[in-house]
There are 4 protein chains.
Amino acid sequence: MIIILKPNITEEQIQHIEDRIKKLGLKPVLSKGIERSLIGVIGEEDKLRITPLEAIEGVEKVMAVLKPYKLASRDFKRESSVIEIKNVKVGGKSLAIIAGPCSVESIDLLSKVGHLIKESGANILRGGAFKPRTSPYSFQGLKYLKEVGLKEDLPIVTEVMNIKQIAMVDKYADAFQIGARNMQNFDLLKEVGKTKKPVVLKRGMSATIKDLLMSAEYILSEGNMNVILCERGIRTFEDATRNTLDLSAVAVIKQLSHLPVIVDPSHATGKWELVAPMSLAAIAAGCDGLMIEVHTNPEEALSDGSQSLKPKKFDELMKMTKKIAEAVGRSV
Amino acid sequence: MIIILKPNITEEQIQHIEDRIKKLGLKPVLSKGIERSLIGVIGEEDKLRITPLEAIEGVEKVMAVLKPYKLASRDFKRESSVIEIKNVKVGGKSLAIIAGPCSVESIDLLSKVGHLIKESGANILRGGAFKPRTSPYSFQGLKYLKEVGLKEDLPIVTEVMNIKQIAMVDKYADAFQIGARNMQNFDLLKEVGKTKKPVVLKRGMSATIKDLLMSAEYILSEGNMNVILCERGIRTFEDATRNTLDLSAVAVIKQLSHLPVIVDPSHATGKWELVAPMSLAAIAAGCDGLMIEVHTNPEEALSDGSQSLKPKKFDELMKMTKKIAEAVGRSV
Amino acid sequence: MIIILKPNITEEQIQHIEDRIKKLGLKPVLSKGIERSLIGVIGEEDKLRITPLEAIEGVEKVMAVLKPYKLASRDFKRESSVIEIKNVKVGGKSLAIIAGPCSVESIDLLSKVGHLIKESGANILRGGAFKPRTSPYSFQGLKYLKEVGLKEDLPIVTEVMNIKQIAMVDKYADAFQIGARNMQNFDLLKEVGKTKKPVVLKRGMSATIKDLLMSAEYILSEGNMNVILCERGIRTFEDATRNTLDLSAVAVIKQLSHLPVIVDPSHATGKWELVAPMSLAAIAAGCDGLMIEVHTNPEEALSDGSQSLKPKKFDELMKMTKKIAEAVGRSV
Amino acid sequence: MIIILKPNITEEQIQHIEDRIKKLGLKPVLSKGIERSLIGVIGEEDKLRITPLEAIEGVEKVMAVLKPYKLASRDFKRESSVIEIKNVKVGGKSLAIIAGPCSVESIDLLSKVGHLIKESGANILRGGAFKPRTSPYSFQGLKYLKEVGLKEDLPIVTEVMNIKQIAMVDKYADAFQIGARNMQNFDLLKEVGKTKKPVVLKRGMSATIKDLLMSAEYILSEGNMNVILCERGIRTFEDATRNTLDLSAVAVIKQLSHLPVIVDPSHATGKWELVAPMSLAAIAAGCDGLMIEVHTNPEEALSDGSQSLKPKKFDELMKMTKKIAEAVGRSV
């Protein structure tokens, strides 16, 4: 950590800062410059995080040398992680294709969609069992997911929205999903971190890549190393799409972290017509999988109909993804 | 609601859209134009919200005529609402000044800060009892808040972070605070909506004003009309401040809604030097109160030290706020 | 155009609005609703653009039915436009690969880079002749571009930064480039619109897709239909990349407009390591070409070195682009 | 400048970086750490700006210790600058109130508006003479401005949009205005920097505060120290206002720079109803003046009618500004 001092700082103020650093068991190294002096801090940077050095008078700016996450970093683990959702590997050569309806509206819908996506080549089933706009008890979402998952031999992923749901979801699902709005729900992150189950962690719509990796760190530091990151669009001034899908994030994350990263073009764009081109682009950018909404009758979907693909369109898309995947040395 | 049709729409597709509208008990009115035709929908617009009309082929765009919130709207209630937190009125001529430390770190800190802010003119005490970075059980935050609140005769506001905390917070606090990260935690909104206690609802950092009012609607529609909105900065590309304080939002909300609106310059800017000018600006913009972090020793604060005012600075600020408040016909 | 009226509008105010519409040769159609009344306007919407109807009392909102651009729209021309830069077609099956150094620093640099990119498969040469940070007269950028372009049989594209440069650039270059900062320099747009030469129009970093198409309209409406749009990143809160490359924009533009669209991953990301994955993603998303910075010695480049590819890396990228292009039915 | 090295950097790469630094006449100081090593650079940081060190292999990040501007900085000049536009001081105790129509549509409009704003207390007249949407030659904007300015004894400010206009505007106007879209038109900045006339430099809508100060530096470094900064809103996802007025920028600029800063609430909000509250807030935040659009008949304005105040509303606002100014120790 480097502390840049204000030009008019007094000797007393410098002394005070050095004292604080020493009290933390760290070593300050003062470097006097013509226009600015600075103090380098030697030792474990973590200790400094809890003390707001910027609140001290005479300090102009504090610059971190190390990244604010460790276990999620590629410095910590050079080779890319491969995470298994039941029998499906995420992060290896083969891509994870997670598909299904936004909400588990009925067993009938889920059975149909589950069967069709499997035929088209998807390898994981998704579906929201606790969507806020639907009653969680009326259609027994989790049981249906389990039932269809077993029948079609597809592992299932479903969102867990608060701590109370963890035990139940753990019983039925093969992986947890943490939604964009809960990306910084640190209690929830810690609790899923205490399980062994894979966690698909979606990027919050105003979260930087660094924020996302810091959220992953909360899960990892509890001992659960099975984190899969998911880019799903950020909020910008552009309103032609619901959010702006940040595909550079895929390449940036691959540099910074060993964790697999998948892309959700359905929520990012909010428009079914854009799902296919953005899926292909995501694979070309180097992602490890896709998460796509599929519905047999989007115009009657209880939620997010406008972004759902019909099974026929999904099937066409899957054919395209195979070609792109091969072009970048992957497979579907 | 107005449905704009694609130029190449077929008669069959138009028929299909009209049928769907009629099925919902609404009346479609087709209006053929040279470049675009459109269908106006007459009846209760609410019915249309559940059907994703944009998923229907031939539909170019759906434009809402009515706002997506009702009870929060000034159309619903012309006169501005005045909400009472214990004996303090929020939304009237007098401004609410909510102050206190970010976290309730100790009874000692809270007692000192509580006493000093009261002397300077604050009328409500705040403090986080469940900060994620601190252990909720080690210092009994809620009890301390209650104790100091009674001693200094200050109503207290504290954040409730999940449903499980509601009952306990309800017992100790005079108002709930919903944090920016929970602004769209709809379950939480509904649950505080079932109580009678005032709710300070903070704007999410990627939430539009419309989003904020829609979140307020969730609370209002459960029967709790005591909602106070809080502007606390939005995420933008500007990084000189932690977030960009959107003071126009104060004036916009005053036009759109009858609910009181307060401003939190501490979290918005993240820097104590900016708290004073932004507090004054917020009052001049027409807000109904301020929420300010005060700490006796910011450089040792467990959280957010860099944005906390020392009691002396807070006292100076309070003197200034009185002048500005008078200039706009208010009082502190 | 649809004018939504405030709930408390008076009959007199309605009359006033209707009168203004009639004066413009348009027909107002009043439609009274329970919660809101509205006025539909029949006739050429263009006439209304010059009158700020939202300034009239009693008007709540004005909603456009038509898009604010016409010639750029796919409604105006269904089939995609193919634009020729000398002998290179942009917008057809084959992709345009525009490459070269950020600035034309010397004839030596340009000759080397020009030769190597041609060998790797690029078909258009780019280079800034008037970079603000360099002296425009010291190295005769335009002549060098022409010379190398002829030698390597590559058409050349270069930026024109103000009206005074148009005539000179027109003499030497095969296509104009309008930079992101000039996207709304309407005088400049109109002037290049009066030439016949292709124009590569870059999206401003705070411009929506609609803004970009409206800027294209300025050029088109002067009679020059040879406009190529270029996505190059927008400014967001994410700071891991210089800008956020908005690849959804490619797919959105393909829906809204017949104009070709290319992508500049060098300026968007600002980092050479991200250029390759983003180039591949752009092709998969459906773009008609790429614009890539190449420099033989990036660490000594006079500008933008950190985002320039070395010729060897560019060559590797070209091999990859061929595979991706084929996967989506295109060619390089 | 501090160069953070990648963990896997080789001795050779370190040597290469040190050599480059020495070649520039600077001194590298290597500091080896456990997790990261870094190189501090001693000497004039300016020399490093032209070499893109981030392009060198083994470099992870380059962090600047000094700000990228110098003359604009408060380090360079501690006391606040006061700049005179003819006889009006900007930056002193008294506030500059710049008002007038968006475009100089006619001598009649300008005379009326000029007279009324003067009566209400404005001290500078503004008006666009070269608005893109109007013909610059048909109404002789500059002459009219001069004429009305003399008659009402108001200095005049008008926008200069390209280099060609500088000489002419210099002849007629008392201060140049550089519009938001030209904030990074470096040629234009340098040219007005060669005159002695005050320059009102508007912040670009996607420019950070740092960007704005760097643009000011271009003018200052040519010898013209009379720069007045103008906050006029930045582009964000919020669409209730045209742009998001960033009033924190006023307070931040006051810390970082000695230059005066004014605020334009008309362009920022795009809505006349918001101009008054935002004007008052701007003064409370510590700005040195306001720039406000006034039009006698906004609904017939050739541009920006929806954001123009009628003279009566402007008069009411001026009465309010006096009160707020007094409350913060200023005057109007």
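Visitor: How many residues does the contact take from chain C and from chain A?
Guide: The model is a predicted one, and in it the contact takes 35 residues from chain C and 35 residues from chain A. A residue is counted here when heavy atoms lie within 4.5 Å.

Visitor: What area is buried between chain C and chain A, and what share of it do carbon and sulfur atoms give?
Guide: About 2,700 Å² is buried between chain C and chain A, with carbon and sulfur atoms giving 72% of that area. The size of an interface is often given in this way, as the accessible area lost when the parts come together.

Visitor: Which elements of chain C each supply at least two residues of the side that touches chain A?
Guide: They are α8 (248-256), α10 (272-284) and α11 (311-327) of chain C. The largest share of this side, seven residues, comes from α10(C). By class, the side of chain C that touches chain A has 21 nonpolar, eight polar and six charged residues.

Visitor: Why are chain C and chain A described as related by a two-fold rotation axis?
Guide: Chain C is superposed on chain A by a rotation of 180° with 0.0 Å of shift along the axis, at an RMSD of 0.1 Å. The two copies are thus related as by a two-fold rotation axis. In chain C, the C-alpha nearest the axis belongs to C:A281, at 2.0 Å from it.

Visitor: How do you know that these copies meet through the same surface?
Guide: Of the interface residues of chain C, 100% are also interface residues in chain A, and therefore the copies meet through the same surface.

Visitor: What makes C:K151 count as exposed?
Guide: The term exposed requires a relative accessible area over 50%, and C:K151, with 64%, is therefore exposed. C:K151 is placed in helix α4 (residues 141-152) of chain C.

Visitor: Turning to the other pair, how many residues of chain A are in contact with chain B, and what area do the two chains bury between them?
Guide: In this contact 34 residues of chain A meet 34 residues of chain B. Chain A and chain B bury about 2,700 Å² between them, 44% of it on carbon and sulfur atoms. A:R181, A:S206 and A:E299 supply 22% of the area that chain A buries against chain B, more than any other three residues.

Visitor: Why is the pair A:D211 and B:R235 called a salt bridge?
Guide: The closest N and O atoms of A:D211 and B:R235 are 2.9 Å apart, so the pair meets the requirement of being within 4 Å. Across the interface of chain A and chain B the rule finds four salt bridges, together with 10 residue pairs in polar contact, both at pLDDT 80 or more. By class, the side of chain A that touches chain B has 12 nonpolar, eight polar and 14 charged residues.

Visitor: Is B:E299 buried or exposed, and what makes it so?
Guide: Buried means a relative accessible area under 20%, and B:E299, at 14%, is therefore buried. B:E299 has its place in the loop between β14 (289-293) and α11 (311-327) of chain B. The side chain of B:E299 makes a polar contact with the side chain of A:H16 at 2.6 Å, and another with the side chain of A:R20 at 3.5 Å.

Visitor: What rotation superposes chain A on chain B, and how do you know that these copies meet through the same surface?
Guide: A rotation of 180° with 0.0 Å of shift along its axis superposes chain A on chain B, with an RMSD of 0.0 Å. Of the residues of chain A, A:S206 comes closest to the rotation axis, at 2.9 Å by its C-alpha. Since 100% of the interface residues of chain A are also interface residues in chain B, the copies meet through the same surface.

Definitions and conventions:
Residues numbered from 1 in each chain as written. Chains lettered and ligands numbered in written order. Predicted model: local features only at pLDDT ≥ 70, side-chain atom pairs only at ≥ 80, totals over all residues. Heavy atoms only, no water. Buried area = accessible area lost by both parts, 1.4 Å probe. Salt bridge = Lys/Arg side-chain N within 4 Å of Asp/Glu carboxyl O. Polar contact = N/O pair within 3.5 Å; in protein donor to acceptor, adjacent residues only side chain to side chain. Nonpolar A, V, L, I, M, F, W, Y, C, P; charged D, E, K, R; others polar. Least-squares fit on C-alpha atoms with pLDDT ≥ 70 in both. Helix = DSSP H or I, 4+ residues; strand = E, 2+ residues; numbered from the N terminus. Buried < 20%, exposed > 50% of the residue type's maximum accessible area, 1.4 Å probe, protein only.
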